[in-house]
Amino acid sequence: MKDIGCAFKVVDADGVRYYTSPEVLGLADFARSLHENEKDRGGKPLPLAGRIAGAVECPEAAWLAMADDMEAEKKFSCFLIADIVGNVLWVNEDHGDGLAHYVFPLSAVLETAAMEGDVWALLLARFPNARVDR
């Protein structure tokens, strides 16, 4: 997205926050980032937003302004919405067959992040109906 990586929306018990990260270019980077940054240097678990490599919090208006195509209903080429309370991760990404929306249980993405192998292949094998825009 305009050379700034992915946009993130994190929904938790405290509300909604918006982020961007130039270091995360899609779901695979996101999962890797969650796994690699699970704890701080002291060994304390980090909240999900604290695990996103290079994450910068921003206001909603700035988050919306990052969309690639403002004329086409604020379309993003890469966004992830993590609903921690609802255990849902919405992903909008081109996974090789065009821009598409996918939905996964957030807990499954966290589990998959710790596994060896291609994150997309592992998740889609487990959740073959994850694509929701067909």
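This briefing describes the fold, the nonpolar cores, the helix packing and selected residues of one protein model.

The model is predicted, so local features are given at pLDDT of at least 70 and side-chain atom pairs at pLDDT 80 or more, while totals for chains, interfaces and linings use all residues. Residues are numbered from 1 along each chain as its sequence is written, and side-chain values use heavy atoms, with hydrogens and water left out. The protein has 5 helices and 6 strands, and its largest nonpolar core holds 28 residues.

**Overall architecture**

- Along the sequence, the elements follow the pattern β-β-α-α-β-α-β-β-β-α-α. Helices (H or I, at least four residues) and strands (E, at least two) are DSSP runs, numbered from the N terminus.
- Of the 134 residues in the protein, 37% are buried. Buried denotes under 20% relative accessible area, exposed over 50%, and partly exposed the range in between (1.4 Å probe, protein chains only).
- The accessible surface of the protein is about 7,400 Å², and carbon and sulfur atoms contribute 53% of that area. Accessible areas come from the Shrake-Rupley method with a 1.4 Å probe, and for residues only the protein chains shown count as cover.
- Among contacts in the protein with a separation of 6 or more, 46% join residues 24 or more positions apart. A contact requires heavy atoms within 4.5 Å.

**Nonpolar cores**

- In soluble globular proteins, nonpolar side chains tend to be buried together.
- Within the core of 28 residues, those with the most contacts are L27, F30, L80, L89 and F104. A nonpolar core is a set of buried Ala, Val, Leu, Ile, Met, Phe, Trp, Tyr and Cys residues joined through side-chain atoms within 4.5 Å.
- The elements that supply two or more residues to this core are strand 1 (6–12), helix 1 (27–36), helix 2 (48–51), strand 4 (79–83), strand 5 (88–94), strand 6 (99–105), helix 4 (106–113) and helix 5 (119–126).
- Leaving aside residues up to four places away in sequence, L27 touches L80, L89, V91, E93, F104, V109, V119, W120 and L123.

**Packing around helix 1**

- Two packed helices are described by the angle between their axes and the distance between the axes.
- The axes of helix 1 and helix 5 come within 9 Å and cross at roughly 95°. Axes are lines fitted to C-alpha atoms, for helices over the stretch in contact, and angles run from 0 to 180 degrees between N-to-C directions.
- Helix 1 and helix 5 are therefore roughly perpendicular to each other. Angles under 35 degrees count as roughly parallel, over 145 as roughly antiparallel, 65 to 115 as roughly perpendicular and the rest as oblique.
- At this contact, L27, A28 and A31 of helix 1 meet V119, W120 and L123 of helix 5.
- The contact of helix 1 with helix 5 comprises 6 nonpolar, no polar and no charged residues. Ala, Val, Leu, Ile, Met, Phe, Trp, Tyr, Cys and Pro count as nonpolar, Asp, Glu, Lys and Arg as charged, and the others, Gly among them, as polar.
- For helix 1 and helix 4, the axes come within 8 Å and cross at roughly 75°, so this pair is also roughly perpendicular.
- Here L27, A31, L34 and H35 of helix 1 meet V109, L110 and A113 of helix 4. By class, these residues are 6 nonpolar, 1 polar and no charged.

**Selected residues**

- V119 lies in helix 5 and is buried, at a relative accessible area of 10%.
- Apart from residues up to four places away in sequence, V119 touches L27, A28, A31 and T112. V119 and V109 are 10 residues apart in sequence, with 8.2 Å between their C-alpha atoms.
- V11 belongs to strand 1 and counts as partly exposed, at 22% relative accessibility.
- With residues up to four places away in sequence not counted, V11 touches V16, A82, D83, I84 and V85. The C-alpha atoms of V11 and V88 are 9.8 Å apart, across 77 residues of chain.
- D14 sits in the loop between strand 1 and strand 2 (15–21) and is exposed, at 73% relative accessibility.
- N87 occupies the loop between strand 4 and strand 5 and is partly exposed, at 31%.
- Most residues other than glycine have a negative phi. For N87, phi is positive, near 55°.
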